[in-house]
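Here is a short report on one protein model.

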Amino acid sequence: MERSLETQVSQAVDAWLRWIPRWEPATHKGRVAVCRRCFGSPVLSAAGLGADVPHAVQHGLSTRIKTIVDHAVAEYTARNLPMLQGELDQQAERNRARSYRPAEGLDPEFEGMPLDPDPQPGAPFLFTLSGMADEADADVPALPPLSDEAKAALRQEVGLADEYANMVGREVCAILLHHRLRIQGAVAEYVEPQIAALLEDLTRSLDSPFDPLE
């Protein structure tokens with residue numbers, strides 16, 4: 001029996017709550033680029049995870065919720081949008097033919113994150129994971145072109161899929177509101193103390209300009 005959206009969201013939050021005690025502040029330099037999945041996300045707003053919460057904490061939850069929406073849209077597409085489903089099947093077959101797929105099979109905390117760090121001026125990379133993936137993709141034949149009529153029909157079905165995704169997304173956000181206390185409680189217990197300790201260590205390591213000279 002298919003699980004309800006309420007059950008799926010509850011299980012996604014439960015999984016995130018099991019992960020959050022293992023979270024630790026990153027000790028390396030973060031990327032400058034904004035995460036398009038998390039920035040301004042209504043899912044994170046519904047969950048009560050504001051801009052003051054570290055991105056890694058946000059990303060683990062937003063990715064799990066995105067998986068729920070994606071699954072619902074995939075089922076809707078398979079039932080109602082045959083042309084779009086055919087295109088997706090062809091693309092999936094093409095993806096399986098690639099010899100290198102570094103972005104697949106990742107844990108939710110890493111899914112959708114950049115494959116490579118930001119480049120350093122004057123220090124080019126010998127290779128990058130994304131570059132190697134692009135090389136593998138170039139070896140796979142492109143999908144056959146579509147006629148103008150087929151493109152128009154496909155655009156219409158894509159629009160219907162987007163509308164359904166927005167509908168499911170709004171419902172998921174409404175369900176998440178009932179989990180805000182659990183989510184915020186976990187942030188208060190596991191995240192905020194680590195951030196406070198990090199700031200305290202940083203404060204101790206800096207020389208205060210107001211300290212009297214010895």
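Predicted model: local features only at pLDDT ≥ 70, side-chain atom pairs only at ≥ 80, totals over all residues.

## Cysteines

Residues are numbered from 1 along each chain as its sequence is written, and side-chain values use heavy atoms, with hydrogens and water left out.

Seen from C38, the closest cysteine sulfur is that of C35, at 3.8 Å. A disulfide is defined as a pair of cysteine sulfur atoms within 2.5 Å. By this rule the count is zero disulfides. In general, a disulfide is a covalent bond between the sulfur atoms of two cysteines.

## The aromatic pair

How many aromatic pairs does a search of the whole structure find? The search finds one. The pair is Y76 with Y164, and it is stacked: 4.2 Å centre to centre, with 5° between the planes. The pair links distant parts of the chain, with Y76 in helix α3 and Y164 in helix α6, 88 residues apart. Both Y76 and Y164 are buried.

The pairing rule takes rings of Phe, Tyr and Trp (its six-membered ring) whose centres lie within 6.5 Å. Planes under 30 degrees apart count as stacked, over 60 as edge-to-face and the rest as tilted.

## Helix α4

Helices (H or I, at least four residues) are DSSP runs, numbered from the N terminus. Helix α4 covers residues 82-96, 15 residues in total. At 1.5 Å a residue it should span 21 Å, and its end C-alpha atoms are 21 Å apart, so the two values agree. The expected span is 1.5 Å times one less than the number of residues.

Which residues of α4 are buried? They are L84, Q85, E87 and R94. These buried residues pack against α3 (55-80), α5 (129-138) and α6 (148-176). An α-helix has 3.6 residues a turn, so residues three or four places apart point the same way.

## The second largest pocket

The second largest pocket has a volume of about 380 Å³. Its lining holds 14 residues. Nearest its centre lie Q91, N95, R98, A103 and E104. Helix α4 gives the most to this lining, with five residues. Both α3 and α4 supply at least two residues each.

On a 1 Å grid over the protein atoms alone, a pocket is an open set of points with protein on both sides within 12 Å along at least five of seven lines. Lining residues have an atom within 4 Å of a point. Grid points are joined across faces, edges and corners, and the volume is the space filled by probe spheres set on the points.

## Selected residues

R3 lies in the segment before α1 (5-19). It is partly exposed, at 42% relative accessibility. Leaving aside neighbours within four places in sequence, R3 is in contact (heavy atoms within 4.5 Å) with Q8 and Q11. The C-alpha atoms of R3 and L129 are separated by 36 Å, 126 residues apart along the chain.

D14 is in helix α1. Its relative accessible area of 26% makes D14 partly exposed. D14 and L88 are 31 Å apart, C-alpha to C-alpha, and 74 residues apart in sequence.

L177 sits in the loop between α6 and α7 (180-205). L177 is partly exposed, at 46% relative accessibility.

Notes
Buried < 20%, exposed > 50% of the residue type's maximum accessible area, 1.4 Å probe, protein only. 1 Å grid on protein atoms, 1.4 Å probe; cavity = no way out; pocket = protein on both sides within 12 Å on 5 of 7 lines; lining within 4 Å.
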